[in-house]
Amino acid sequence: RKRFVRETMQRRAAQIQRRALALATTAAATAMACRHLERQRRPLQGCSAPTLSAALSILRTSGVSVVDHLVDEGLISAVKATAAFQSMPTSAAHHATLKKERAQHSNEWRMSALGRYHRREETFDEDDLKVVERVEKLIWPMVVAFFQEGDDEGTQGIYRSELQILNAVPGSSDQMWHSDNQSRGLSIIVPLVDFTADNGATQVLVGSHNKTWALVAQQGAQVVQAPAGAIAAYDSRTYHRGLGNHTDAGRPALIFCYDRTSSPPPGCGVYGSIANASLAAFLVIVSSSWSMCTSRWKRDAA
């Protein structure tokens, strides 16, 4: 009997050790995957297009596409000369002055994360809005074509659900992963300075718009790098986030969002948003782990 008890206790101890080891291994792998991905900030690849029409086919499969040199330098300068742009906060609020900064800009500029300031079109004056809508005229053919493509509703019910100027100031933090809408829509970012991996450009999960999880695992999180005057267009369902700005200069941009009146954004409540953020973060870990494993296999094979 004593032998039986001793063997039972030994088996249980061994089971506890195996579980603890598995838990520690999983935690270590997760931490390594997160650090690996953060170090990479891999640039978006295979999603550039020479024209707006060519960008549509890339949007269909990847959920994101970039078209360079759509907005000329003169129009970029005009946007930067607007009163809205000139009022832009240029530094992140320190903890001691955070409340004061928020109060100062509360009627115009709002923060989505520390150091990420947004000003929506409701606060633009008429002259500023006219300038920004000159940019919109350049992207409008793409908006129309996107909603007409494979959709019986055509252009019925399309509306501009959001227009804003965003600035990610030096020292700003990462956003949570999210999608702009649970239904099909189009979001377009116009960089007002060059987007780089270091200055807080947008990071996307390629293929997440239509739940192509195999593509998400293979492609992983990638950073949109684009020059000022380009456009970065993505399906509103695509998981994305703005990264923290690690440079000494701000990263301003214009953002246009288009949806249908029958499916306004975001298409989910608070709990749905939390679930989406958690799913996206999980996918990032999976894709990063996949990347590390395939890299190791290739090294071992060589």
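A residue is called buried when its relative accessible area is under 20%, exposed when that area is over 50%, and partly exposed in between, using a 1.4 Å probe and protein chains only. By that definition 10 of the 10 residues of strand E11 (residues 251-260) are buried, so this strand is largely enclosed by the rest of the structure. The model is predicted, so local features need a pLDDT of at least 70 and side-chain atom pairs count only at pLDDT 80 or more, while totals for chains, interfaces and linings use all residues. Residues are numbered from 1 along each chain as its sequence is written, and side-chain values use heavy atoms, with hydrogens and water left out.

**The sheet**

- Helices (H or I, at least four residues) and strands (E, at least two) are DSSP runs numbered from the N terminus, and two strands pair if DSSP finds at least two bridges between them.
- An open sheet is formed by 8 strands in the order E1-E2-E9-E6-E11-E5-E4-E3, with mixed pairing.
- The edge strands, which each pair on one side only, are E1 (48-49) and E3 (110-113).
- Strand E3 is joined by 3 bridges to strand E4 (residues 116-120), and the two run antiparallel; Ala113 has Arg116 in E4 as its bridge partner.
- Helix H2 (residues 52-62) packs on the sheet, where it touches E1, E2 (64-67), E6 (186-191) and E9 (231-235), and its direction makes about 160° with that of E2; contact here means heavy atoms within 4.5 Å, and axes are lines fitted to C-alpha atoms, for helices over the stretch in contact, with angles running from 0 to 180 degrees between N-to-C directions.

**Strand E11 and its neighbours**

- Both faces of E11 are covered, with Arg251, Ala253, Ile255, Cys257 and Asp259 buried on one side and Pro252, Leu254, Phe256, Tyr258 and Arg260 buried on the other.
- Strand E5 (residues 158-168) pairs with E11 in the antiparallel sense over 10 bridges, and Glu162 stands opposite Cys257 of E11.
- Strand E6 also pairs with E11 in the antiparallel sense, over 6 bridges, and Ile189 stands opposite Ile255 of E11.

**Nonpolar cores**

- A nonpolar core is a set of buried Ala, Val, Leu, Ile, Met, Phe, Trp, Tyr and Cys residues joined through side-chain atoms within 4.5 Å.
- The largest such core has 58 residues, of which Met142, Ile188, Leu254 and Phe256 touch the most other members, and helix H6 (residues 126-148) gives the most to this core, with 8 residues.
- Apart from this core lies another one of 8 residues, among them Trp177, Leu205, Val216 and Leu283.
- In soluble globular proteins, nonpolar side chains tend to be buried together.

**Salt bridges**

- A salt bridge is a side-chain nitrogen of Lys or Arg within 4 Å of a carboxyl oxygen of Asp or Glu, and a search of the whole structure finds 11 of them.
- The side chains of Arg60 and Glu149 form one (2.5 Å, N to O), and this pair links distant parts of the chain, 89 residues apart, with Arg60 in helix H2 and Glu149 in the loop between H6 and E5.
- Another salt bridge joins Glu133 and Arg160 (3.4 Å, N to O); Glu133 lies in helix H6 and Arg160 in strand E5, so the pair ties together parts that are 27 residues apart in sequence.
- Glu121, Glu133, Glu136 and Arg160 are linked in a network of salt bridges.
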